[in-house]
Amino acid sequence: MRALSIALGLSMIFGPAMGQSLPDPVIRMIRAAGETGDARLLSSVAELARQAHPELVPQVDSLVAELGGAPKEAPPAPVVVATLPEPPPPPPAPRWKGEVRAGGAVTTGNNDSLGANLGLSLARETAIWRNELKASADYSRENGVVSRERYMAGYQLNRRFGERGYTLGVLGWEQDHVAGFDRRFSEALGLGYSAIDRTDIDLDLEGGPGWRQTWLVDGSQDRTFAFRAALKAAWRPRDGVVLSNDTSSYVQDDNSTLTSTTSLTFKLIGNLATQASVLVKHETSPPIPLDKTDTTTRLSVVYAF
């Protein structure tokens, strides 16, 4: 009852603040509440004093602290939790893409024959690097005798610089007994330039020094420096149709080589396509009595993946 009486009396005498200090009745009421030893009563009386004289809150807090009470605590500042957006998923790792070819072939030059051919092309490309792997085989027999046996494999690594330029390294291996050599290795370094890079037309030009090692069928060997030049072009007149040419040459003192493949590919359904191609291979100084030029015409079924 005593606490209630103090609170009612305080509410009756509270009014507008007079000057810049707490009125004496307010001070007496706060001190009386403090002398009761009731912390809740002191807190209630002090809160009424704060509401009646908001401009004198520091004095009320000081008096409450003097009497052993706690000043009014400011409400805690809201905690703002920033929600960061989830990082985008990493791009998928580049994968190998390519095609497998199988079909028949007609060869003219050092040997006129019908046979079969197989081919494989693989490519893997990133923002900077491009890997290419190619392999092919042509085989035919006449009257139980092998009339054509040509195997080729090559690898090329490109590193881009600038918008259109790239450096390159090339490794090649081939075997062609009919052309007069048991095996031949070719290595080259150089520069390339994408002269045309459009959705319908591509044209790359390459050049640089090379080194070749040839083992002829007669047992002799030849090792020599060479200059490699290459042209790669593709034209896509409409969706599903590609006309391409891949030409490379090794120019050297004794026997230069030119290899050119022109192909026309028509998409059939899904990943299947049909391809007609002509391979022309020219040696400037083949072993006697071999012809300088061989031509292989292929008709193949292509599966892309």
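Me: Are α2 and α3 roughly parallel or roughly antiparallel to each other?

Reply: Good place to start, and keep in mind that this is a predicted model. The general idea is that two packed helices are described by the angle between their axes and the distance between the axes. Here the axes of α2 and helix α3 (residues 39–52) cross at roughly 165° and come within 8 Å. Angles over 145 degrees count as roughly antiparallel, and α2 and α3 are therefore roughly antiparallel to each other.

Me: Which residues of α2 and α3 meet, and how do they divide by class?

Reply: On the α2 side, look for Val26, Met29, Ile30, Ala33 and Gly34; they meet Leu41, Leu42, Val45 and Ala49 in α3. The residues of this contact of α2 with α3 divide into 8 nonpolar, 1 polar and no charged. Gly is counted among the polar residues in this scheme. As for handedness, α2 passes α3 in a left-handed crossing.

Me: What about α2 and α4: at what angle do they pack?

Reply: Helix α2 (residues 24–35) and helix α4 (residues 57–66) pack at about 30°, and their axes are 10 Å apart. Angles under 35 degrees count as roughly parallel, so α2 is roughly parallel to α4. The contact is made by Ile27, Ile30 and Arg31 of α2, together with Val60, Leu63, Val64 and Glu66 of α4. By class, this contact of α2 with α4 has 5 nonpolar, no polar and 2 charged residues. The crossing of α2 and α4 is right-handed.

Me: Let me step back. How many helices and strands does the protein have?

Reply: The protein has 4 helices and 12 strands. Of its 305 residues, 33% are buried. The protein exposes about 18,200 Å², with carbon and sulfur atoms supplying 63% of it. Among contacts with a separation of 6 or more, residues 24 or more positions apart account for 48%.

Me: Now for single residues. Is glutamine 175 buried or exposed?

Reply: The idea is to compare the relative accessible area with a cut-off: under 20% means buried. Glutamine 175 has 17%, so it is buried. Its place is in strand β5 (residues 165–176). Leaving out residues up to four places away in sequence, glutamine 175 touches Glu149, Arg150, Tyr151, Phe181, Asp182 and Arg183.

Me: Where is threonine 259, and which residues does threonine 259 touch?

Reply: Threonine 259 is in strand β10 (residues 257–269). At 15% relative accessibility, threonine 259 counts as buried. Not counting residues up to four places away in sequence, threonine 259 touches Asp246, Thr247, Ser248, Leu279, Val280 and Lys281.

Me: What does arginine 236 count as, at 26% relative accessibility?

Reply: Arginine 236 counts as partly exposed. You can find arginine 236 in strand β8 (residues 221–238). Its contacts, not counting residues up to four places away in sequence, include Arg198, Asp200, Asp202 and Val241. Compare sequence and space too: arginine 236 and leucine 264 are 28 residues apart in sequence, and their C-alpha atoms are 10.0 Å apart.

Me: Where is the place of serine 256?

Reply: Serine 256 sits in the loop between β9 (241–251) and β10. At 13% relative accessibility, serine 256 counts as buried. Aside from neighbours within four places in sequence, serine 256 is in contact with Tyr250, Val251, His282, Glu283 and Thr284. The C-alpha atoms of serine 256 and proline 286 are separated by 9.2 Å, with the two residues 30 apart along the chain.

Conventions
Residues numbered from 1 in each chain as written. Predicted model: local features only at pLDDT ≥ 70, side-chain atom pairs only at ≥ 80, totals over all residues. Heavy atoms only, no water. Helix = DSSP H or I, 4+ residues; strand = E, 2+ residues; numbered from the N terminus. Buried < 20%, exposed > 50% of the residue type's maximum accessible area, 1.4 Å probe, protein only. Contact = heavy atoms within 4.5 Å. Axes fitted to C-alpha atoms, helices over the stretch in contact; angles between N-to-C directions. Parallel < 35°, antiparallel > 145°, perpendicular 65-115°, else oblique. Left-handed = near helix turned anticlockwise from the far one by under 90°. Areas by Shrake-Rupley, 256 points an atom, 1.4 Å probe, with all protein chains shown as cover.
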